[in-house]
Structure formats: C-alpha cells, structure tokens
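Colleague: Please take a close look at the sheet for me. Keep it brisk, and include whatever lies against it.

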Amino acid sequence: SYDRALQTVELRVTQFSILAVLRRLGASTISRLAEGLVMDRTTLTRDLKPLERRGYLKVEPGEDRRTRTVTLTKRGRQALGKAIPIWKEVQGGMVDGLGEGRFHSLLTNLSNVVDVTRKE
C-alpha cells in the first residue's frame with residue numbers, strides 16, 4: 001500500500017498528497033488547498049498540523065484575519081522529493097496489477113465523482 005511504502009520517508013499518503021498539491025499550487029489559502037485536494041477544510045486544518053510541526057510547511061495569517069496561507073518549506077520540498085519515486089513505484093504496481101485500461105477507467109470514474117461533488 002501507499003502508506004506502507006511511504007513509511008520509509010515518514011509520510012502517509014494523505015500527507016504526501018497535501019505536499020504535492022501545495023507544490024503545484026504554490027502558497028495557498030487553506031480553502032483553496034482544500035478545494036485542490038477535494039477535502040473538507042476542517043479535516044485539512046487538522047492534517048496540516050503534523051506537517052507544520054515537522055517543518056514541511058508554514059501556516060501563517062493571510063491577507064485578512066479570516067484567512068491563513070499555507071506555504072511549502074525547503075524541508076517539505078526535500079521530503080516530497082524523496083517520496084515521489086516511492087509513490088511512482090507503488091503507482092506503477094497499481095497500473096500493473098489492474099491493467100492500464102482498468103486503471104485509466106478507475107481514474108476517469110474518480111474524476112467524474114470529483115466533478116459531481118464540486119457541483120453540489
């Protein structure tokens with residue numbers, strides 16, 4: 001599983017996803033990051049705390065008092081850099097196990113679910 005493989009770099013797959021999306025988005029508000037992850041803001045806020053404690057990201061006040069901005073740190077980029085090859089290896093195993101057609105069908109179906117939930 002992804003979690004088992006990522007243990008070697010002391011990350012869970014949800015933490016990996018947060019770091020990866022944050023790298024793609026750049027500095028981001030918690031709301032924008034939650035939307036990018038298709039995740040509840042409250043859950044994301046809770047999941048950010050261990051990453052912040054480890055120095056992988058910073059959470060700071062945003063432009064107004066109601067927002068907070070999340071930024072990936074150098075240490076977070078380094079952790080992500082170590083985790084990406086591990087994630088790719090597990091992902092390759094998933095593709096091999098399911099077959100490329102079934103794997104892409106799964107991704108398409110998941111993408112459709114995300115689209116539907118964003119419309120609600």
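Modeller: Two strands count as a pair if DSSP finds at least two bridges between them. Keep in mind that this model is predicted.

Start with the layout. The sheet is open and has 3 strands, in the order β1-β3-β2. Their pairing is antiparallel. β1 (28-29) and β2 (57-61) are the edge strands, each pairing on one side only. β1 is joined to β3 (residues 68-72) by 2 bridges. That meets the pairing cut-off of at least two bridges. Along this pair, T29 sits opposite T69 of β3.

Now the helices. Helix α2 (residues 13-25) packs on the sheet and touches β1, β2 and β3. Its direction makes about 100 degrees with that of β3. Helix α4 (residues 41-53) lies across β2 and β3. Helix α4 runs at about 120 degrees to β2.

Next, the charged side chains. Side chains of opposite charge can pair when their charged atoms come close. On β2, E60 and K58 form a salt bridge at 4.0 Å, N to O. E60 is partly exposed, because its relative accessible area is 36%. K58 is also partly exposed, at 41%.

A second salt bridge joins R54 and E10, at 3.5 Å. R54 is in the loop between α4 and β2, while E10 is in the loop between α1 (2-6) and α2. The two are 44 residues apart, and the pair links distant parts of the chain. E10 counts as exposed because its relative accessibility is 56%. R54, at 23%, is partly exposed.

Notes
Residues are numbered from 1 along each chain as its sequence is written. This is a predicted model: local features need pLDDT of at least 70, side-chain atom pairs count only at pLDDT 80 or more; totals for chains, interfaces and linings use all residues. Side-chain values use heavy atoms; hydrogens and water are left out. Contact means heavy atoms within 4.5 Å. Axes are lines fitted to C-alpha atoms, for helices over the stretch in contact, and angles run from 0 to 180 degrees between N-to-C directions. A salt bridge is a side-chain nitrogen of Lys or Arg within 4 Å of a carboxyl oxygen of Asp or Glu. Buried means under 20% relative accessible area, exposed over 50%, partly exposed in between (1.4 Å probe, protein chains only).
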